[in-house]
Amino acid sequence: MSSIAAITHFTPSTKLTPHHRPSLISFPQSLSISLRHNPISPTLSLSHTHLPIHPISALSPDSGNGNGKDSFNGGGNGGGDNNGGDENGGDENEGEAVLILAQIGRSLDSLPKDLADAIRAGKIPGSVVSKYLELEKSGLFKWLLQFAGFRERLLADDLFLAKIGMECGVGIFTKTAAEYERRRENFFNELEIVFADVVMAIIADFMLVWLPAPTISLRAPVALNAGRLAKFFHNCPDNAFQTAMSGTSFSLLQRMGAIVRNGTKLFAVGTTSSLVGTVVTNAVINARKSVGNTSAEEAENVPVLSTSIGYGVYMAVSSNLRYQIVAGVIEQRLLEPLLHKHKVLLSAMCFAVRTGNTYLGSLLWVDYARLIGIQKAPEAE
């Protein structure tokens, strides 16, 4: 009895690697099957000329944790590194990023080292690489992308620079208006205090936008010999309410850690800026007294230490929470998903929200300063 052997020949022209995970493979029409009869061993021959591969579309960094769940409720143990995707998600992210770069003739080595390392680690989806290449087309953004801090924030929010301009630009006017609203007829009599408040606010405005801004984390892993506390804060998000990229998640403890970490930094910023403001104010008061200015005779020097510490506490608590909510909840979770295709309208809404928040903060500061006794309330008539 003769034996029959079936041999199948399949030689695709495109080699599939772990970085190419096609969602759909289409077989060409030029597929041919031929049966050659051999008395001893019939052979089945399968051949084709081309096997095209359709790449996966880029994932969105707003898509949560990759499991269809909101990243605010993401898991994690609060102490490990939850910023890296799983193995499959990492391979897909790297494949997408490399494919996008290859389409324009760029290599990973042409990118900043931290961004290239994050791509190799599978932490950055193709959509972030596309945003980087788009931002590079602007001379100003290309220059800012050289700096790691700006790079992490601009990749997460391309309106970040505009928000800094909004905050610092309107800060002088809104804070002065709020001071007038609280002081009314005593506004000019307390002009030195008003000046100190405005100086403190403008110095702090930049940091109030910078620290709570959502980021695309490109930081290198923390040193192996670092303490547990350092590792914990290293893995916390920059904004407690920010959305996580696909394949990543933050635990509730890590999100609370973001509030504590930013609060500590804002306490230092507030204390330092207040120290500068009060010293300048006292210098102005003493200069006016030295030239015999009658209105300055009644003015008292601002207490430096108590005012500085008081303002630091205010920044760490009130400003910290308000700005994290504005950046992480109102802007990133509410406004941007609704208006991401209408940048002008989105910018206008962000401007309105931040102006209102700045004005509210000025009102709260005056009330808080009077409550703890570092500023005097106007005497009742």
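Visitor: Which residues are linked in a network of salt bridges?
Guide: In this predicted model, the network links D157, K163, E167, E331, E336 and R354.

Visitor: What makes the contact of K163 and D157 a salt bridge?
Guide: The N to O distance is 2.5 Å. The cut-off is 4 Å, from a side-chain nitrogen of Lys or Arg to a carboxyl oxygen of Asp or Glu. The pair K163 and D157 is therefore a salt bridge. Both K163 and D157 are buried.

Visitor: What makes K163 and E336 a salt bridge?
Guide: Their N to O distance is 3.6 Å. The limit is 4 Å, so the pair counts. This pair links distant parts of the chain. K163 is in helix α6 (residues 160-183), and E336 is in helix α11 (residues 304-339). They stand 173 residues apart. Both K163 and E336 are buried.

Visitor: How many salt bridges does a search of the whole structure find?
Guide: The search finds 14. One of them joins K113 and D117, with the closest N and O atoms 2.8 Å apart.

Visitor: Where do K113 and D117 lie?
Guide: Both lie in helix α2 (residues 113-120). They are 4 residues apart, about one turn of the helix.

Visitor: Why is K113 called exposed?
Guide: Its relative accessible area is 62%. Exposed means over 50%, so K113 is exposed.

Visitor: Why does D117 count as partly exposed?
Guide: D117 has 33% relative accessibility. Buried means under 20% and exposed means over 50%. The value for D117 lies in between, so D117 is partly exposed.

Visitor: Why does R261 count as buried?
Guide: R261 has 12% relative accessibility. The cut-off for buried is under 20%, so R261 is buried. R261 lies in helix α9 (residues 252-290).

Visitor: What lies 2.7 Å from a polar atom of the R261 side chain?
Guide: The backbone oxygen of P237 does. R261 also touches other residues, including R219, F233, H234, C236 and D238. That leaves out residues up to four places away in sequence.

Visitor: Is the crossing of α9 and α11 left-handed or right-handed?
Guide: α9 passes α11 in a right-handed crossing.

Note on methods:
Residues are numbered from 1 along each chain as its sequence is written. This is a predicted model: local features need pLDDT of at least 70, side-chain atom pairs count only at pLDDT 80 or more; totals for chains, interfaces and linings use all residues. Side-chain values use heavy atoms; hydrogens and water are left out. Helices (H or I, at least four residues) and strands (E, at least two) are DSSP runs, numbered from the N terminus. Buried means under 20% relative accessible area, exposed over 50%, partly exposed in between (1.4 Å probe, protein chains only). A polar contact is a pair of N or O atoms within 3.5 Å; within protein, one must be able to donate a hydrogen and the other to accept it, and residues adjacent in sequence count only if both atoms are side-chain atoms. Contact means heavy atoms within 4.5 Å. A crossing is left-handed if the near helix is turned anticlockwise from the far one by less than a right angle, and right-handed if clockwise.
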